[in-house]
Amino acid sequence: MISTNRSIFCRSDLNWTQSEPFPTNWLEKNNRFLGIIANVASNFRSHSTSVESQVKENSFENIFIQGGFNVKPLVIETIEENQDLLRTDDRKGKEYKVEINDGSNVNIDESSSEGLSGPRILKSTHEREVSEVEKEAWKLLREAVVNYCGNPVGTVAAIDPADKQPLNYDQVFIRDFVPSALAFLLKGERDIVKNFLLHTLQLQSWEKTVDCYSPGQGLMPASFKVRNVPLDGRDGESEDVLDPDFGESAIGRVAPVDSGLWWIILVRAYGKITGDYSLQERVDVQTGMRLILNLCLSDGFDMFPTLLVTDGSCMIDRRMGIHGHPLEIQALFYSALRCSREMLTVDDSTKNLVAAINNRLSALSFHIREYYWVDMKKINEIYRYKTEEYATDATNKFNIYPDQIPHWLVDWIPETGGYFIGNLQPAHMDFRFFTLGNLWTIISSLGTNKQNEGILNLIDDKWSDLVAQMPLKICFPALEHEEWRIVTGGDPKNTPWSYHNGGSWPTLIWQFTLACIKMGRPELARKAVALAENKLSVDQWPEYYDTRYGRFIGKQARLHQTWTIAGYLTSKMLLDRPELASTLFWNEDYELLENCVCGLGKSGRRKCSRLVARSQIAA
Ligand code: GLC
């Protein structure tokens with residue numbers, strides 16, 4: 001932790017204008033920010049399918065342009081010159097979206113989408129009295145705000161009045177802040193979100209080591225804390241410092257893979273809700289985004305387009321048997337790629353990166369749609385699988401033994417509807433239903449429209465299992481007995497139907513609401529919000545609930561948990577303003593299915609996955 005790095009953040013005039021010169025020592029350490037010309041042209045449609053044959057070369061590494069100090073670091077005029085172009089493109093994007101609307105009956109008020117340069121926080125079309133519960137929630141959310149050098153930069157995870165040992169709950173978690181950010185944005189308060197995005201961006205370039213090993217440069221911390229420390233030799237004087245946790249102090253030393261993905265998703269949401277696209281156009285924001293993408297897209301030993309991660313690398317941040325290719329990470333990865341594709345500045349230095357993103361998007365959606373989806377028909381197929389097939393065109397590609405179909409699933413899977421399984425590895429399908437991952441496959445259109453509808457049908461059908469007394473189960477069912485002992489390592493916090501092991505997490509409501517609005521089923525979200533509303537305030541906004549039907553406040557649940565509070569508020573506002581909700585999700589992108597570099601389609605020897613993907617849509 002280099003103190004010079006820290007102190008430069010703390011400036012009295014934190015207005016984040018780009019024309020400000022950076023302190024020299026910072027420039028020396030961060031010369032990656034220099035010499036990059038901001039050539040803003042966010043016409044994501046025009047480059048969306050420009051698949052390059054040299055994608056594999058990973059030449060998008062050349063974002064580290066070594067510039068001199070004479071190079072103007074931030075070209076603000078270029079951004080301004082291109083404003084008109086940008087707006088036109090954005091509108092084109094909108095028209096396109098309407099064309100391919102997947103049938104959701106979102107009530108989009110087109111007039112409210114105009115005026116892209118100004119704040120887009122509009123009066124609610126559904127004016128209503130703010131309830132006492134909402135007022136209380138707002139009060140608590142504001143109390144959770146953390147200031148850094150006098151400016152709001154985030155919200156702490158929880159302020160439990162009775163908690164004597166907050167552990168790291170007094171920190172600002174990247175993932176926990178997302179619903180807070182949306183609540184503030186939807187209310188028209190953008191500064192806290194902008195500050196958060198820019199400060200976390202600075203933390204990304206922190207020099208970090210875990211036992212003398214340095215993780216990749218694009219890594220975003222799981223959380224950070226603002227500390228006030230006395231200044232050496234200056235009696236009575238102190239300064240604020242930001243202290244990030246990249247996993248080096250986290251319980252289990254888990255890598256926060258989801259942080260960077262959430263960060264990208266939030267940058268886009270900021271632009272969409274406020275209409276202020278200048279943030280995403282900034283050179284440092286563009287560079288931060290590229291560093292995250294570099295980490296995610298770098299070549300490894302992988303045979304699949306999915307991201308390979310360790311256990312505990314996302315919301316479930318301790319051992320729960322989700323190492324490998326967990327759905328949650330894949331769905332957030334896909335969403336972050338879709339965001340980046342819209343936001344990345346296109347020039348010679350990024351064209352390979354853009355091509356790599358396009359390739360990955362289509363390969364990933366094909367893979368998840370084809371291999372993670374289960375419904376009655378698919379489970380019956382697996383039940384009759386032959387094993388040990390050695391062939392490129394094997395039916396049972398992952399050598400799944402039919403015995404793996406768990407007993408609970410045989411009776412549980414409904415006649416209609418289905419879901420994406422939690423994980424897929426050689427000879428292993430994790431059939432548990434993971435809520436966050438399934439919701440984000442809907443929100444990002446990682447699933448086909450039919451599959452996305454199927455997930456909501458399943459949630460509706462299995463309401464008493466997945467929602468029960470408190471929305472929503474983090475996963476279903478719980479691991480019990482020997483399986484719990486082996487998979488969790490005997491974790492006393494993750495006992496059956498508690499915490500990550502089948503506990504109910506009210507924060508998931510905002511994502512459920514978004515998915516329901518997208519699929520034209522807001523009534524389902526209203527039902528869940530009403531359930532939560534009845535209990536959350538009385539129970540003091542717990543972090544999670546325990547038991548099979550979510551009846552008890554969680555054994556070790558913090559009270560006044562911020563993302564519970566913010567998730568509830570965000571849901572309420574999204575339901576009030578479905579037209580704003582519609583800026584936060586995506587429809588199917590048919591262009592992604594058009595081009596292919598694999599050449600398989602032409603040779604006819606094997607099926608090209610993209611052609612198959614196209615037929616998935618038609619089905
Ligand atoms: C727990 C949760 C994690 C969350 C953190 C702070 O560790 O598992 O997802 O970010 O608490 O609320």
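**Note on the predicted model: loops, helix contacts and spaces**

1. Leu472 sits in the loop between helix H17 (463–466) and strand S9 (475–476); helices (H or I, at least four residues) and strands (E, at least two) are DSSP runs numbered from the N terminus. Pro471 and Leu472 are joined by a cis peptide bond, with omega about -10 degrees.

2. This is a predicted model, in which local features need pLDDT of at least 70 and side-chain atom pairs count only at pLDDT 80 or more, while totals for chains, interfaces and linings use all residues. Residues are numbered from 1 along each chain as its sequence is written, and side-chain values use heavy atoms, with hydrogens and water left out.

3. A cis peptide bond also joins Phe476 and Pro477, with omega about -10 degrees. Pro477 lies in the loop between S9 and helix H18 (481–488). In helix H18 is His481, a residue other than glycine with a positive phi, near 55 degrees. Most residues other than glycine have a negative phi, and most peptide bonds are trans.

4. Two packed helices are described by the angle between their axes and the distance between the axes. For helix H7 (residues 191–204) and H10, the axes come within 10 Å and cross at roughly 55 degrees. Here axes are lines fitted to C-alpha atoms, for helices over the stretch in contact, and angles run from 0 to 180 degrees between N-to-C directions. H7 is therefore oblique to H10 (under 35 degrees counts as roughly parallel, over 145 as roughly antiparallel, 65 to 115 as roughly perpendicular and the rest as oblique).

5. The crossing of H7 and H10 is left-handed, meaning that the near helix is turned anticlockwise from the far one by less than a right angle. H7 contributes Leu198, Leu201 and Gln204 to the contact, and H10 contributes Asp284, Val285, Gly288, Leu291 and Ile292; contact means heavy atoms within 4.5 Å. By class, the residues of this contact are 5 nonpolar, 2 polar and 1 charged (Ala, Val, Leu, Ile, Met, Phe, Trp, Tyr, Cys and Pro count as nonpolar, Asp, Glu, Lys and Arg as charged, and the others, Gly among them, as polar).

6. Helix H20 (residues 522–536) and helix H21 (residues 562–576) have axes that come within 11 Å and cross at roughly 140 degrees. H20 and H21 are therefore oblique to each other, and their crossing is left-handed. Among the residues making the contact are Pro522, Ala525 and Arg526 of H20 and Thr564 and Tyr568 of H21. The contact has 6 nonpolar, 2 polar and 3 charged residues.

7. The second largest pocket has a volume of about 800 Å³. On a 1 Å grid over the protein atoms alone, a pocket is an open set of points with protein on both sides within 12 Å along at least five of seven lines, whereas a cavity is a set where a 1.4 Å probe fits but cannot get out; lining residues have an atom within 4 Å of a point. Grid points are joined across faces, edges and corners, and a volume is the space filled by probe spheres set on the points. Of the 30 residues lining this pocket, Ala255, Val257, Leu295, Leu308 and Val309 are the closest to its centre. Helix H8 (257–274) and helix H10 (283–297) each supply at least two lining residues.

8. The structure holds 14 cavities of 30 Å³ or more. The largest cavity has a volume of about 350 Å³, and its lining has 14 nonpolar, 5 polar and 7 charged residues.
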